[in-house]
Amino acid sequence: MTQLALAEAIYGDKNHGPNIYGALMELVNSGAVLRTGSQPAYYSLSGADIVIPEKVTLPKRGVRDISGDEITNETIEEAGRIVAETDNYGPEMEMITRCLHKFPDNTDPDVVAMKVGLIDITNSTHLSQHKSKISMVELSSIIASIPDIDARIKAGDPEVVNLIARSNGKINLFSFASKYCCYHNRNLYERDDYSILDTVLKDYLPRYFGDVTRNQIQRWQDSFNYKAYNDYITRKLDELGITVEFRKRKFDLFVWYKNR
């Protein structure tokens, strides 16, 4: 079975997949478990037969139907509602909204640092793992020094994401930057100009859409071309006829909920 299938079998969900990886690799290295294939890899007990499902060849354009996860106004509304009603993610989103309304501006590095920490912890962006490349003091100062940052985020300026993502030139904070701008734009100004990019979106967008690859998404990230990524999401939602309010944010929640 796959790493995520094992997580679901043990814990009842796929959220613990990363925690299982270390233990699986120890078993693989000891010879007790075999690892076959990649993206995803399949694990089996030594000596057991394993069959990897064949990959289905799909057209380069259009929408892919994976496990019946049809993207419609109704399905993304439903996913957004379910996430909002959970005991953890729902209250955390409400907390982010309250904090942003109490501290809306991004010109004071100390205030920015508090919001960076809040978004980092609730969204698992793992900024603390990169302290050797950028500190909280440096990142918050970089964000606070962006000219007219609050007006630009309110207007949905995509370049703000790139400015935060480039940070000090030692690390690419594309995912965090998209979330920082999205939360301010959505939760503070009640707009829907920014699309989030994270590992889940990067891995699963190509499974839903036949005209994009993970490598293409990675190129947008590596070249700090947030506008191209954001425009792509906008175009796909237009093609699908998605018209619900805050459709970009709800689409992100839909993909995350279906593939968490």
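This is a predicted model: local features need pLDDT of at least 70, side-chain atom pairs count only at pLDDT 80 or more; totals for chains, interfaces and linings use all residues.
# Exercises on helix packing and aromatic pairs

The axes of helix 12 (residues 226–240) and helix 13 (residues 247–259) cross at roughly 90 degrees and come within 11 Å of each other.

## Exercise 1

Classify the arrangement of helix 12 and helix 13, and state which residues make the contact and of what class they are.

**Solution.** Begin with the angle: values from 65 to 115 degrees count as roughly perpendicular, and helix 12 and helix 13 are therefore roughly perpendicular to each other. Next, list the residues that meet, which are N230, I233, T234, L237 and D238 on helix 12 and R247, K248 and F251 on helix 13. Sorting this contact by class finally gives three nonpolar, two polar and three charged residues.

## Exercise 2

Carry out the analysis for helix 4 (residues 89–102) and helix 5, starting from the angle between them.

**Solution.** The two helices pack with axes 11 Å apart and at an angle of about 170 degrees. Because angles over 145 degrees count as roughly antiparallel, helix 4 is roughly antiparallel to helix 5. Helix 4 contributes E92, M95, I96, C99 and L100 to the contact, while helix 5 contributes K115, L118, T122 and N123. By class, the contact of helix 4 with helix 5 comprises five nonpolar, two polar and two charged residues.

## Exercise 3

Identify the buried residues of helix 6 (residues 136–144), and name elements that cover them.

**Solution.** The buried residues of helix 6 are L139, S140, I142, I143 and A144. Their cover includes helix 5 (109–123), helix 7 (149–155), helix 8 (159–166) and helix 9 (174–188). For the setting, the chain holds 13 helices and two strands, and 44% of its 260 residues count as buried.

## Exercise 4

Describe the geometry of the aromatic pairs Y194 with Y226 and Y208 with F254, and locate the partners in the chain.

**Solution.** The whole structure contains 10 aromatic pairs. In one of them, Y194 and Y226 lie 6.1 Å apart centre to centre with 40 degrees between the planes, and the pair is tilted. Y194 sits in the loop between helix 9 and helix 10 (199–208) and Y226 in helix 12, so that this pair links parts of the chain 32 residues apart. Y194 and Y226 are both buried. Y208 and F254 also form a tilted pair, with 5.9 Å from centre to centre and 55 degrees between the planes.

## Exercise 5

Decide whether E70 is buried or exposed, and determine which residues E70 contacts beyond its neighbours in sequence.

**Solution.** First locate E70, which lies in the loop between strand 2 (42–45) and helix 3 (73–84). Its relative accessible area is 54%, and E70 is therefore exposed, the cut-off for that class being over 50%. Once neighbours within four places in sequence are set aside, E70 is in contact with T75 and F254. The C-alpha atoms of E70 and Y208 are separated by 8.9 Å, although the two residues are 138 apart along the chain. For the chain as a whole, among contacts between residues at least 6 apart in sequence, 59% join residues at least 24 apart.

Methods:
Residues are numbered from 1 along each chain as its sequence is written. Side-chain values use heavy atoms; hydrogens and water are left out. Helices (H or I, at least four residues) and strands (E, at least two) are DSSP runs, numbered from the N terminus. Buried means under 20% relative accessible area, exposed over 50%, partly exposed in between (1.4 Å probe, protein chains only). Contact means heavy atoms within 4.5 Å. Axes are lines fitted to C-alpha atoms, for helices over the stretch in contact, and angles run from 0 to 180 degrees between N-to-C directions. Angles under 35 degrees count as roughly parallel, over 145 as roughly antiparallel, 65 to 115 as roughly perpendicular and the rest as oblique. Ala, Val, Leu, Ile, Met, Phe, Trp, Tyr, Cys and Pro count as nonpolar, Asp, Glu, Lys and Arg as charged, and the others, Gly among them, as polar. Rings of Phe, Tyr and Trp (its six-membered ring) pair if their centres lie within 6.5 Å; planes under 30 degrees apart count as stacked, over 60 as edge-to-face and the rest as tilted.
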